[in-house]
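Biologist: Please take a close look at one part of this model, its side-chain contacts. Start with the terms and the overall layout, then go contact by contact.

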Amino acid sequence: MIRPIALALAFLLPLPAAAQQATGFESFGLTLEGGGHPAGDYLGLTGEARATYGLGWGELAVDLSLSTTEAGSESLTAAGVLVHASARPASWVALGPYLWLGSQSEGGGAYALGVEAAVQTASGWGGELWFGETWGGVLGDDGYATNKGLRVGYTGQGPVSAYGAFLKDTANLASGDQDFYRLALGVDTWLEMPGSGREIQLSVAAGQHHFDLLDERENWVAVGITIPLDGRRAAGPEFSSRRGVLYNLPLP
């Protein structure tokens, strides 16, 4: 696992400076996650960058990701682009389609299509939900998965925010249907970097994966940092960057 992490870091760490020079890029982040897995304990590293573009009637957001994960003798490296095209009929709501294009070391190219909606109230409560389908990649040439998710969070006036999330993949494979669940509870807080005046966001999360066919439940924890390239974004409805349980996790 050390070599894939080192290679990923070498590729990802120069991105903030490059992204700051590119119109539309607003943040860059790294997340380290580990936990149990039917194939053995897993450890994964994910790098992400986000760009947003105003469309007048709405917004186009693009999430770029690169991840590497090892679980016992199993491993998965994945790269993806997730595009959110959302109409914003009011300041507190966003809704529209999403498209994910990815490549996974097991199975090759993959893509997903779906719909999503997000809200953010003046009281600080907000959330999002989505529904879609994924084809290819770890699912094989003829396999596909139905993706569902719900995320609810609270952002107060201070630096700390919290959320809970539930994701479910129902994979239709040659060996039969399988359900995969991901439960998450997370806390985000803003910290000032000494001497620079720049703020970063520290994220800590924990949860559980449920592998239904094997009737196994495995706990996981994650820690990450996000570097905003143009300060904090004004509060409003936002979409998260993960639309499937199996996008970054090896099949058991």
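Modeller: A residue is buried if its relative accessible area is under 20%, exposed if over 50%, and partly exposed in between, with a 1.4 Å probe and protein chains only. On that scale, 46% of the 252 residues of the protein chain are buried. This is a predicted model: local features need pLDDT of at least 70, side-chain atom pairs count only at pLDDT 80 or more, and totals for chains, interfaces and linings use all residues. Numbering starts from 1 along each chain as its sequence is written, and side-chain values use heavy atoms, leaving out hydrogens and water.

The protein chain has two helices and twelve strands. These are DSSP runs numbered from the N terminus: helices are H or I with at least four residues, strands are E with at least two. From the N terminus on, the order is α-α-β-β-β-β-β-β-β-β-β-β-β-β.

Now the salt bridges. The criterion is a side-chain nitrogen of Lys or Arg within 4 Å of a carboxyl oxygen of Asp or Glu. By this rule there are seven salt bridges. One of them joins arginine 50 to aspartate 63, at 2.6 Å from N to O. Arginine 50 is in strand S2 (residues 42–54) and aspartate 63 in strand S3 (residues 58–71), so this pair ties together parts 13 residues apart in sequence. Arginine 50 and aspartate 63 are buried.

Glutamate 238 forms a salt bridge with arginine 50, with the closest N and O atoms 3.5 Å apart. Glutamate 238 lies in the segment after S12 and arginine 50 in strand S2, so the pair ties together parts that are 188 residues apart in sequence. Glutamate 238 counts as partly exposed because its relative accessible area is 35%. Arginine 50 counts as buried because its value is 8%.

Arginine 243 meets glutamate 128, the closest N and O atoms being 2.9 Å apart. This pair links distant parts of the chain, with arginine 243 in the segment after S12 and glutamate 128 in strand S7, 115 residues apart. Arginine 243 and glutamate 128 are both buried. As for shared partners, salt bridges join Arg50, Asp63 and Glu238 into one network.

Next, charges over rings. The rule asks for NZ of Lys or CZ of Arg within 6 Å of the ring centre and within 35 degrees of the ring normal. The charged end of arginine 243 sits over the ring of tyrosine 98, 5.5 Å from its centre. Arginine 151 lies over the face of tyrosine 163, at 3.8 Å from the ring centre.

Then the rings themselves. Rings of Phe, Tyr and Trp (its six-membered ring) pair if their centres lie within 6.5 Å; planes under 30 degrees apart are stacked, over 60 edge-to-face, and the rest tilted. The structure holds five aromatic pairs. Among them, tryptophan 100 and tyrosine 247 are stacked, 4.1 Å centre to centre with 15° between the planes. Tryptophan 100 is in strand S5 (residues 93–104) and tyrosine 247 in the segment after strand S12 (216–228), so the pair bridges 147 residues of sequence. Tryptophan 100 is buried because its relative accessible area is 6%. Tyrosine 247 is buried too, with 9%.

A further stacked pair is tyrosine 111 with tryptophan 135, 5.0 Å centre to centre and 25° between the planes. Tyrosine 111 lies in strand S6 (residues 108–120) and tryptophan 135 in strand S7, so the parts tied together are 24 residues apart in sequence. Tyrosine 111 is partly exposed, at 40% relative accessibility. Tryptophan 135 is partly exposed as well, at 26%.

A nonpolar core is a set of buried Ala, Val, Leu, Ile, Met, Phe, Trp, Tyr and Cys residues joined through side-chain atoms within 4.5 Å. The largest has 28 residues, and those with the most contacts inside it are Trp100, Val138, Leu139, Ala171, Phe180, Trp220 and Leu246. Two or more residues each come from strand S4 (74–90), S5, S6, S9, strand S10 (176–192), strand S11 (199–211) and S12. S9 gives the most to this core, with five residues.
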